[in-house]
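Biologist: Before we discuss any pocket or strand, could you put the model on the screen so that we can go through it together?

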Amino acid sequence: MGKDELLSEHTDERFSDSEDDSTDKRVLCPICPHACRLKPGQTGICGARHAVDGRVVPANYGKVTAVALDPIEKKPLVHFLPGSMVLSVGSYGCNLNCPFCQNNTIARARFDHLDVPVESISPQDLVEMACEQQAHGNIGLAYTYNEPLVGLEFVLDCSRLIREADMKNILVSNGYINAEHFTELLPWLDAANIDLKAFNQDFYDWVGAPKGLETVKQSIAAAAASIHVEVTTLIIPGRNDFPDQLDDMARWLASVDPDITLHLTRFFPTHRMRDANPTPLQTLHELAAVARQHLRYVEVGNI
Ligand code: SF4
């Protein structure tokens, strides 16, 4: 599907460049490399941001599709406060279009055709909920399930309040965000799990992410320089299960920080890949052995 087809006729305000084409009043969303230029009322590729009154605003601000108190290992994070729980919250929308998405219902939901139940909640109320859950082991908030960064403003507002409450902020993200906006969020984060979907741009092209590999590498490196980072790669047979690419990926991650934990997770048929085979366990273990030549911590998951 072409970029123009992904933009729709419907589409918040702090993150909107004032680039204003005098002929058609389009405004630029600067959040991610898609660089959507939206006409009034149009929704961006992510389905979560739209153009209103000459600005691009996050339509999914405070719109929550899922809240759960999860073990931190489920994010997955295995070397950040192990054994703790974290209140995990998701909205809708995503700036990638992965055929194998395990959360496609909320990831593909769009502001202009919203077909998932949402609850409205303010950052203050969500943080109050997080504080109440401390009695059950909660350490803070995890922004997860859909792609949180397409709703960056909500994540920022919650993160500041969580920090004031002396709790932790955890991000689970595809890392597909422009560096200047990720840099704005990083001081508020404590830990992140970032997907590195493959170590070649062809794969990122397949999931609808022009410049994806370089952008995500930049996000991982920036995050690793200031917070605890773990990385996840979903291994899909015939798509990214190549030992030489895993070797290159692990070598690069080790150059960033040899203590980064790499999670190699198992694919199961879902979404637009219901006819594909699950990842053989042997493949996962063989790739983990390749990655362990460079990294101290390699986990095999979702098995
Ligand atoms: S965050 Fe959404 S609207 Fe903004 S550039 Fe990316 S896909 Fe487009």
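Biologist: In which sense do strand 3 and strand 4 pair, and over how many bridges?

Modeller: Bearing in mind that this is a predicted model, strand 3 covers residues 49–52 and strand 4 covers residues 55–58. Within this pair, Val-52 stands opposite Arg-55. The pairing of the two strands is antiparallel, over 4 bridges.

Biologist: Which residue in the turn of that hairpin has a positive phi?

Modeller: Strand 3 and strand 4 form a hairpin that leaves 2 residues between them. In that turn, a positive phi of about 50° belongs to Asp-53.

Biologist: What kind of space does the ligand take, and how does its shell divide by class?

Modeller: The space taken by the ligand is the second largest cavity. Around the ligand lie residues including Cys-29, Cys-32, Cys-36 and Cys-46, with His-34, Arg-49 and Asn-95 also among them. Sorted by class, the shell comprises 7 nonpolar, 3 polar and 1 charged residues.

Biologist: How much space lies in the largest pocket, and which lining residues are the closest to its centre?

Modeller: The largest pocket holds about 970 Å³ of space. Of the 39 residues that line the largest pocket, the closest to its centre are Lys-75, Gln-102, Asn-103, Val-172 and Asp-195.

Biologist: Which strands each supply at least two residues of that lining, and how does the lining divide by class?

Modeller: The strands that each supply at least two residues are strand 10 (168–173), strand 11 (191–195), strand 12 (228–235), strand 13 (261–266) and strand 14 (297–301). By class, the residues of the lining of the largest pocket divide into 15 nonpolar, 15 polar and 9 charged.

How values were computed:
Residues numbered from 1 in each chain as written. Predicted model: local features only at pLDDT ≥ 70, side-chain atom pairs only at ≥ 80, totals over all residues. Heavy atoms only, no water. Pairing = 2+ DSSP bridges. Near = heavy atom within 4 Å. 1 Å grid on protein atoms, 1.4 Å probe; cavity = no way out; pocket = protein on both sides within 12 Å on 5 of 7 lines; lining within 4 Å. Sits in = over half its atoms within 2 Å of the grid points. Nonpolar A, V, L, I, M, F, W, Y, C, P; charged D, E, K, R; others polar. Points joined across faces, edges and corners; volume = space filled by probe spheres on them.
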